[in-house]
Amino acid sequence: MAENVQSMLAVDEALERILAVFSRLPAEQIDVADGLGRVLAEDVRATLDLPPFANSSMDGYAVRAADVLNARRDAPVTLTVVGDIPAGSAPQFTISTGQAARIMTGAPLPAGADAVIPVEHTDDAPQSGKYTDRLAAPPPPRIAIFEPSQAGAYVRPVGEDVQAGQTVLREGRVLRAADLGVLVGLGLPRIRVVRRPLVAVLSTGDELLDVHEPLAPGKIRDTNGYTITALVQGLGAQAIRLGIARDTVEDVRAHLQRALDAKADLILSTAGVSVGSYDVVKNVVESLGALGFWKVRMRPGKPLAFGHLQSTPFMGLPGNPVSAMVSFDVFARPAILKMAGRSLYTATAEAELAHPLQSDGRQSYIRVTLEQQNGKLVARSTGNQSSGVLTSLVNADGLLIVPEGVTEVQAGSRLAVRLLTEHFIP
Ligand code: AMP
Ligand code: MG
């Protein structure tokens, strides 16, 4: 990859270059029981109707509606009960004129019947306190119907839910609980899904300590290792946290080798990509592949490295905690979604800015709270927007985008906000 060192790029140009490198990962077969959150690798077409047979939606009596058109409480119609149809049975008899069969919810409608009379509309209505007596009791020989009916009443027709031949779920769908229910209803124990992307996350820096290490002078804790890993996991991808590499060629190489050994689909590192500080990461990645250093016209963010180690894509995110997370959201998230076979859709809302803002002409991602006021969504800065102030993200509902080239934004301006709750929560 021949990249100009420090090329200046707009956000969209940088994203386009990154996305060009990624494609959907191969499919694999899994048990439907493991399908939650997985991405369908192909359309699913129904090979049968659901429900597969017409059935009762009530406990009651299967009848011919024409027999009970004029039934009333003061003038009931009496029918002969010729059968009993518990759920799970398959009635072999036919209902003729003047006949009925007791039927339970979910049981198949017998031939000849076209309606169900709920038991409450008959003289077999349960009396209080008599339920145990009724368990397994045979139906009465005759039944009085107190209400009229019509064809189709309390009957769930064949294919009411799904029709054979219909595409029920599309490729790229992130499977939800109800989707799994439909797949199971269709009798599909195994499903084809896209393999989950495996993303290695490396922190670099001599100042970094892990969370359980005691703080020492000049040191800070490696928050990026955890925030970036969490963002990866929130996308349904698998993360390998490589830990902290010291600012030495040997240590960075050893850590990156673990990512290669694990056959990661993408390696993310943080820090060591800004001017004057990138030599270690640059040396190692270039010795194993190629790396371009970009200055993206965005804030926070700006420095971004992108290239490959052997054949594995490598993205060097900035070190500042907010810059790392915002750069992940803008560049790594779409790359991971593309590998995962998912839509690159970004949830945004238009919001009215409660106060004026200044920007430096780079595309800016202002951390804002969002509030509904008089039917409008109102955005307010979360305060100090320094790229080291992680609580500006903790308190944020979204990232308000001040487009490139804009330096002044008036109060009341309407701008797009990327909705973080849609991104940063699995
Ligand atoms: P650098 O890109 O190495 O110049 O780092 C930029 C800033 O980000 C510095 O203040 C670093 O201390 C900070 N930083 C770098 N890596 C991490 C990390 N993993 N967690 C928290 N802060 C970091
Ligand atoms: Mg550093």
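Biologist: Helices (H or I, at least four residues) and strands (E, at least two) are taken as DSSP runs, numbered from the N terminus. How many helices and strands has the chain?

Modeller: The chain has nine helices and 28 strands. This is a predicted model, in which local features need pLDDT of at least 70 and side-chain atom pairs count only at pLDDT 80 or more, while totals for chains, interfaces and linings use all residues. Residues are numbered from 1 along each chain as its sequence is written, chains are lettered from A and ligands numbered from 1 in the order in which they are written, and side-chain values use heavy atoms, leaving out hydrogens and water.

Biologist: What radius of gyration does the chain have?

Modeller: The chain has 32 Å, whereas a compact globule of 426 residues would have a value near 22 Å. The radius is taken over C-alpha atoms, and the globule rule is 2.2 Å times the number of residues to the power 0.38. Along its principal axes the C-alpha trace spans about 95 × 50 × 45 Å.

Biologist: And what share of the residues is buried?

Modeller: Buried residues make up 46% of the 426. Buried means under 20% relative accessible area, exposed over 50%, and partly exposed in between, with a 1.4 Å probe and protein chains only.

Biologist: Turning to the strands, which ones pair with E5?

Modeller: Two strands count as paired if DSSP finds at least two bridges between them. E5 (residues 60-63) pairs with E7 (residues 99-103) in the antiparallel sense over three bridges. E5 also pairs with E8 (residues 115-118), again antiparallel, over four bridges.

Biologist: Which residues stand opposite tyrosine 61 and valine 63?

Modeller: Tyrosine 61 faces arginine 102 in E7, and valine 63 stands opposite alanine 115 in E8.

Biologist: Where are the cis peptide bonds at proline 51 and proline 300?

Modeller: One joins leucine 50 and proline 51, with omega about -5 degrees; proline 51 lies in the loop between E3 (44-45) and E4 (55-56). Another joins arginine 299 and proline 300, also with omega about -5 degrees, and proline 300 lies in the loop between E19 (298-299) and E20 (303-309).

Biologist: What is the phi of tyrosine 154, and of lysine 263?

Modeller: Tyrosine 154 has a positive phi of about 55 degrees although it is not a glycine. Its place is in the loop between E9 (142-145) and E10 (155-156), and at 37% relative accessibility it is partly exposed. Lysine 263, likewise not a glycine, has a positive phi of about 60 degrees.

Biologist: Is lysine 263 buried or exposed?

Modeller: Lysine 263 is exposed, with a relative accessible area of 65%. Lysine 263 lies in the loop between helix H5 (249-261) and strand E17 (266-270).
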